[in-house]
Every structure is written in C-alpha cells, then in structure tokens.
Amino acid sequence: MKKLLLTACMMALAMAQLSAASAEEDGFIDNRQCFACHKNQKQAFQSSVHGRAFATDTESGCQSCHGGGAAHKEVAGEENYTGPLKIESFKKASGAAEDKNRPCLACHENKTHANWRGSQHELAGVACSDCHNLHKPGNTVSQDVCFTCHKEKRAEFNRPSHHPAKEGKVVCWNCHNTHGSSGPKLLHKNTVNETCYTCHAEKRGPFLWEHPPASDSCTNCHTPHGSNNASLLKNRPPYLCSSCHIAGGHSTTGMRNGTDLGVAGGGTNAAPQMVGKACLNCHTQIHGSNHPSGARFVR
C-alpha cells in the first residue's frame, strides 16, 4: 500500500513538473498579468461559467482559449506597435472560423455539440464567438442572435398566425439544435413530425384512418414559423385542400369552375361547405380518425 501511494505521489509530481515545463514552453503567464491591461474583461470573466471553471488555475483561464500570453505581453506594451498581437483573437473578421472554434471544441465537443462537425452552421463558416459572448455571465444567447442571420424567420414570427416566439413561450432551440443534428434543418428529432409531436402529441396517432400528407410531414400543410393563414397553414382552405384533391368531388370541381364559390356565371351564392373553414366544416378530423366511419375524416 505504501509503495502504491509513493508511486502515485511520484507520478503526480512528474506530471506537475511536465505541466509547468509545457506552460513555460508555450509562453503561459499568470492570469493576473492579463487583467492588468484588460480590466473591463476581468469582472465579467470571473463571474462567467468559464471564469468559475478556471478559478483555481492561475495559468489557465484566459490562456486556455487565447493561448500563451508571454509573446503578446511583450509586443502589446511597445509604443506605436502595429504588428500582430501574437495571441488568439475571437473578434469577427479576425481569422478563420475553424481556428476560432478549435479551443471551444477542445472542451465542448460532446453531448449536444457532438454533431457540430459537418453541421450547417459549421459548413457556413459560423464561429462559436459569432453567437456566444464568452466573457458574459449567464446565458449569452437570445433569439435576437438567431435573427441576426435568419431575418426571414423574424418576419414569419410576426405574422398573424405564429408560434409564440415573440411572446417568449417558444425559442428557436426548442426545436433546433444549433450545434448540429442528425435530423433535417438542425432539428433535435430525426424527422419534422417527431419534432412537432413533442408538443402536439394528440396529432401523433396511430390512427385507424390516416391522412397521408399529415403522417408524411406536417410541413406539407403548415409553415412552422408563421403564416398569414389560420393554424399556420400554407394556404387557406379550400385552396390548400384542392392542391392535392384535384379529381372530382364538390370540394374541387365546384371550386375550380367557381360554382361552389358563388362566382360562376355571375352567381352570388357559395356552397355551404365553402363557407368559413371550408373543407374543415365537415372534415374536422383532418389529421386522422379512429372512428369506424371516419374514412373521410368527418368524425
């Protein structure tokens, strides 16, 4: 037991000496020397998640991400120096996204970040620091960060029918994993429908009578971020329904020639089934029905 303890102590000492040698070799300095110049970042960093994680390590912290500060300290103090600052910068346009992301991935390439490599954001050249303020305490990302690039989604959330994002009840990352996903459009789930069923479980089924477009993909009929039509529909009934139901039946033939809409030949009386919710006046269970007589989704 004593031999085992002695061996462990010797290994720990060797590792400490190796770590110290590596730090000296890489030009690491005490973090307090960083804060001597970067006073504005000091308080914010020390209160942040990163600051607390490195609170007991005087040679990590700043330099874990920015690299050793010795060479930087030498040139930063020179008067009228205009050359490279000899330290890793995370400012926009300061370098390639891949280089800026490398220190982040050294710690964070796991769990929710496991699919980052090859994701849409990585391939688009997005850097972690484009979205995250690494020194700021607390949650550093809001939906406004997403809307910086995805402006068309902000517009959709402002349409009359929308998911309650601007009301603060839904956020982008409820559906999307911004760090990468095995599903389409960075969705947490593998399909669109699985994602929708997270909240809309009553639409999941299985149903005795399934409506094929609904079981295929919710986005066949709905636009998920926002629409000018009720219930996030891409078009309002009966026009949405007639985009598939084009062969016979009162809901299509009569609408296309205008008789059911009260416009053919100057007529003014629309068919009752075209009023209000149109097709949905009768076909109320449009996602699917479990009623023995529900083949046409009327009950």
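I first looked up the neighbours of Ser48, and found that Ser48 touches Leu134, His135, Lys136 and Pro137, leaving aside residues up to four places away in sequence; contact here means heavy atoms within 4.5 Å. I noted that this is a predicted model, in which local features need pLDDT of at least 70 and side-chain atom pairs count only at pLDDT 80 or more, while totals for chains, interfaces and linings use all residues. Residues are numbered from 1 along each chain as its sequence is written, and side-chain values use heavy atoms, with hydrogens and water left out.

I then placed Ser48 in the loop between α3 (39–47) and α4 (49–53), where helices (H or I, at least four residues) and strands (E, at least two) are DSSP runs numbered from the N terminus. Is Ser48 buried or exposed? Ser48 is buried, with a relative accessible area of 2%; buried means under 20% relative accessible area, exposed over 50%, and partly exposed in between, with a 1.4 Å probe and protein chains only. The side chain of Ser48 also reaches the backbone nitrogen of Gly51 at 3.1 Å.

Next I turned to α7, in which Ala97, Lys100, Asn101, Pro103, Cys104 and Leu105 are buried, and I saw that the buried residues of this helix pack against α5 (62–66) and α9 (128–131).

Finally I looked at the whole protein chain, which has 15 helices and four strands, and of its 299 residues 28% count as buried.

Notes:
Polar contact = N/O pair within 3.5 Å; in protein donor to acceptor, adjacent residues only side chain to side chain.
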